[in-house]
Amino acid sequence: MHNLLGIISRKLKQYDKALEYNDLALKYANKLKDGYYYKLSTAGSIASIYRRKGDYETAINKYSQILENENLLAYDSSFYATTISNRAHSKFLSGIKNKNDIEKPFREAIEISKAVDNYVTEIYTYFYLSKYFESIKETDSAKKYIDKAYKISKSYKMNDFLLETLVFNASLKRDSSEFFLKEHIKLNDSLISAERSIRNKFARINLETDKIQKEKEIVSETEYSFNCSVVYFSHNLTFILCC
């Protein structure tokens, strides 16, 4: 429950509140007999919150602490790939551009992700790698990896990632920017329309639920009135007693 509340708070960019919930989740995980996985995933969430807050140094330290688990690669190679990718991205955001610190772990994360079919980590690592190559003026490599991120996002209908890849594609490929921006607008409009449709459905469900509830209350009150009414006829006088 605390993990879920932490995720919701993070999505709303309420990072301090997200950290509170994740700290609580970590305390509960530490009390569990078999809480190893929950501790790892919560620690990963905490590191990601610091990265999103812009506290890259703390994020890097948190990711490094996770990677101190010697059995992590064997225990959960997918989570290992996610962690090394996120740590490399945090280092990149902090201003580090050393090849061994950035490019090497990104490539390792991609290879592992492909092997275990972790397409989510594969997508955003391609995206991060593209950003890295753009920053060091290797535009052809940047285009190559953003294409990979774009194609996989589209294949799996990962719309959040797809929107980001479309914007970055437009900025990298000036000759095709109109195509990518139009696709971005079309997808974004479609998602907004779908979201409105879902909201309207929930609104109708709530309205119908309220209507049914009111009808039930009226019927219940009517039945109660009939059940509780006792009519006596005596000497042409009518007496109604209600319980």
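**View 1. A search of the whole structure turns up 1 cavity of 30 Å³ or more.** On a 1 Å grid over the protein atoms alone, a cavity is a set of points where a 1.4 Å probe fits but cannot get out. Grid points are joined across faces, edges and corners, and a volume is the space filled by probe spheres set on the points. The largest cavity comes to about 30 Å³. Its lining residues (those with an atom within 4 Å of a point) are Asn3, Gly6, Ile7, Arg10, Asn22, Ser45 and Ile49. H1 contributes the most to this lining, with 4 residues, and H1 and H3 each supply at least two. Sorted by class, the lining of the largest cavity holds 2 nonpolar, 4 polar and 1 charged residues. Here Ala, Val, Leu, Ile, Met, Phe, Trp, Tyr, Cys and Pro count as nonpolar, Asp, Glu, Lys and Arg as charged, and the others, Gly among them, as polar.

A word on the model before the next views: this is a predicted model, in which local features need pLDDT of at least 70 and side-chain atom pairs count only at pLDDT 80 or more, while totals for chains, interfaces and linings use all residues. Residues are numbered from 1 along each chain as its sequence is written, and side-chain values use heavy atoms, with hydrogens and water left out.

**View 2. The chain has 11 helices and 2 strands.** Helices (H or I, at least four residues) and strands (E, at least two) are DSSP runs, numbered from the N terminus. Follow the chain from that end and the elements run α-α-α-α-α-α-α-α-α-α-α-β-β. Of the 243 residues in the chain, 34% are buried; buried means under 20% relative accessible area, exposed over 50%, and partly exposed in between (1.4 Å probe, protein chains only).

**View 3. Helix H2 spans residues 15-31.** With 17 residues, H2 reaches 25 Å from its first C-alpha to its last, close to the 24 Å expected at 1.5 Å a residue (the expected span is 1.5 Å times one less than the number of residues). Tyr15, Ala18, Leu19, Asn22, Ala25 and Ala29 are the buried residues of H2. They cover an arc of only 125° around the axis, which puts them on the same side of H2; the arc is that of the directions from the helix axis to the C-beta atoms. On the other side of H2, look for the exposed Asp16, Lys27 and Lys31. Helix H1 (2-11) and helix H3 (36-53) are among what covers the buried residues of H2, with contact meaning heavy atoms within 4.5 Å.

**View 4. The largest pocket has a volume of about 1,200 Å³.** Of the 36 residues that line the largest pocket, Arg10, Arg51, Arg52, Tyr124 and Phe161 are the closest to its centre. A pocket is an open set of grid points with protein on both sides within 12 Å along at least five of seven lines. Elements that each supply at least two residues of this lining include helix H4 (56-67), helix H6 (77-93), helix H8 (119-135) and helix H10 (159-172). By class, the lining of the largest pocket has 13 nonpolar, 14 polar and 9 charged residues.

**View 5. The second largest pocket holds about 200 Å³ of space.** H2, H3 and H4 are the elements that give two or more residues to its lining. H3 gives the most, with 5 residues. Among the lining residues are Leu19, Asp23, Leu26, Tyr50 and Asn69. The class count for this lining is 7 nonpolar, 2 polar and 3 charged residues.
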